[in-house]
Amino acid sequence: MKLKKVLAVSLAASMVFGLAACGSQGETSEAGGESQAVGTETGAETEAPEELSYANIVLGESYTDITTTIHVFNQRTDMSEADYNGKNWDAYIAEFNEMYPNITVEVETDTNYADDAILRLQSGDWGDVMMIPAVDKADLENYFLPFGTLDEMEGEIKFANTWEYGGLVYGVPSTGNAQGIVYNKRVFEEAGVTELPKTPDEFVAALQAIKDYDSSIIPLYTNYADGWPMEQWDSQLAGTTTGDPAYKNQKLLHTQDPFRDYGDGTHPYALYKVLYDAVAGGLTEDDYSTTSWEDSKGMINRGEIATMVLGSWAYSQMVAADEHGEDIGYMPFPITVNGQQYASSGADYSFAINVDADETNQAASMVFIKWMTEKSGFAFNEGGIPIAADDMNYPDAYAAFGDVTFVVDEAAVAGEEDLLNTLNADSSLMIDAGGKEKVQQLIEHASMGDMTYDEVMDEWNAAWTSAQESNGVEITE
């Protein structure tokens, strides 16, 4: 498979590049022996060496004398269920314990992770390992242990800059994602859509063809009610719509009216217009307030839904949701820039280690994270981009991306590392940083018809301009 990449191997830390959440809140999974109190040692006393770094760990050789229990807090509630269609936490931990039998791993999951993780982080009550929520990069050192320097980690993992600050890396991605659309191949074929759309107009026309073919099929499912899937639209905003790795963290900050119509079916205007037009044209579910994330998986597998805008992480879940996994495909988002399609790509949630955990638990946690990255097969199993630097084993999800260029956002320039976060907060747009509300409001306006699409974009532009002005941002684009 031919996969071209624009890899600066960097990413804005304000972005969490896709979510995988489902199930019930507060579940805990234990494996690897009898559970012990969180953060305590068992058996013989051991101490981690003073110099702990990801690059120096040799799995199966380093820290084999550690006996302790670590607590892992994360968003994958579905993986805590015994009947999870993929590989659940218990299965991974059992394999980890074949190499490290004396490290007990407790897993706690939360269906409202994005919000609850912030509260738990601030309280300090979260254990040893967590997936980094949306925090300012300047605060990383207050919460998390560094894995090593950026230079060291770029030789170990992809997307090393995702949670880098001051030359140190504080997070290791659980998997990588490309952004696009999960779709049912059989539905497309039966509706007469034989070529994947490459422009917004072609995509909306394909949705209309599906509705004309069978009105019982939902052409585009919004997943409005669960909220967090709305953030998947923001994840397409930069590389996918512009092909420019410098756009999000550098140019967007200094762009006047970034949501204006560029007139060529590109940039953020074209992205969100697809959603507005689909809702306004009756090409989505009848009642957006009653959508169900859990139900949507089986629905698209059975052909009751044609498309959903989600990161590539969702592909494996849709394949496993029912008996028609062979019908599930993953396509690039239909925007073409100067004859070329691009796909934003980057890290999913990233593992991090509690800076206040004792040294033994920190070492055990780093061993577990490196095992998840290099030995578990987790990224491949979840349909994601592999994280280990030398792993180029891409799953079937990327079959349609052979001529697509992957774009990884470049980091902000020196002195502007936190400017996107500031503009997001002051504008309330929260671009690619949990901005589900604005996308939900877009759906509401499209459904009610009380605001045109251009009127919504004018509001967004005004909010962005106000934030730029209040922070003295120079306009250069």
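Modeller: Gladly! A salt bridge here is a side-chain nitrogen of Lys or Arg within 4 Å of a carboxyl oxygen of Asp or Glu. This is a predicted model, and a search of the whole structure turns up 14 salt bridges.

Colleague: What makes K87 and E95 a salt bridge?

Modeller: Their side chains come to 2.8 Å, N to O. The cut-off is within 4 Å for a Lys or Arg nitrogen and an Asp or Glu oxygen, so the pair qualifies.

Colleague: Why is K87 called partly exposed?

Modeller: The relative accessibility of K87 is 22%. Buried means under 20% and exposed over 50%, so K87 falls in between. E95, at 31%, is partly exposed by the rule too.

Colleague: How do you know that E190 and R186 are separated by about one helical turn?

Modeller: They sit four residues apart in helix α5, which covers residues 185-190.

Colleague: What makes D277 and K273 a salt bridge?

Modeller: Their closest N and O atoms are 2.7 Å apart, and the definition asks for within 4 Å, so the label holds. D277 and K273 are four residues apart in helix α10 (residues 267-280), about one helical turn. Salt bridges with shared partners also link R76, D78 and E382 into one network.

How values were computed. Residues are numbered from 1 along each chain as its sequence is written. This is a predicted model: local features need pLDDT of at least 70, side-chain atom pairs count only at pLDDT 80 or more; totals for chains, interfaces and linings use all residues. Side-chain values use heavy atoms; hydrogens and water are left out. Buried means under 20% relative accessible area, exposed over 50%, partly exposed in between (1.4 Å probe, protein chains only). Helices (H or I, at least four residues) and strands (E, at least two) are DSSP runs, numbered from the N terminus.
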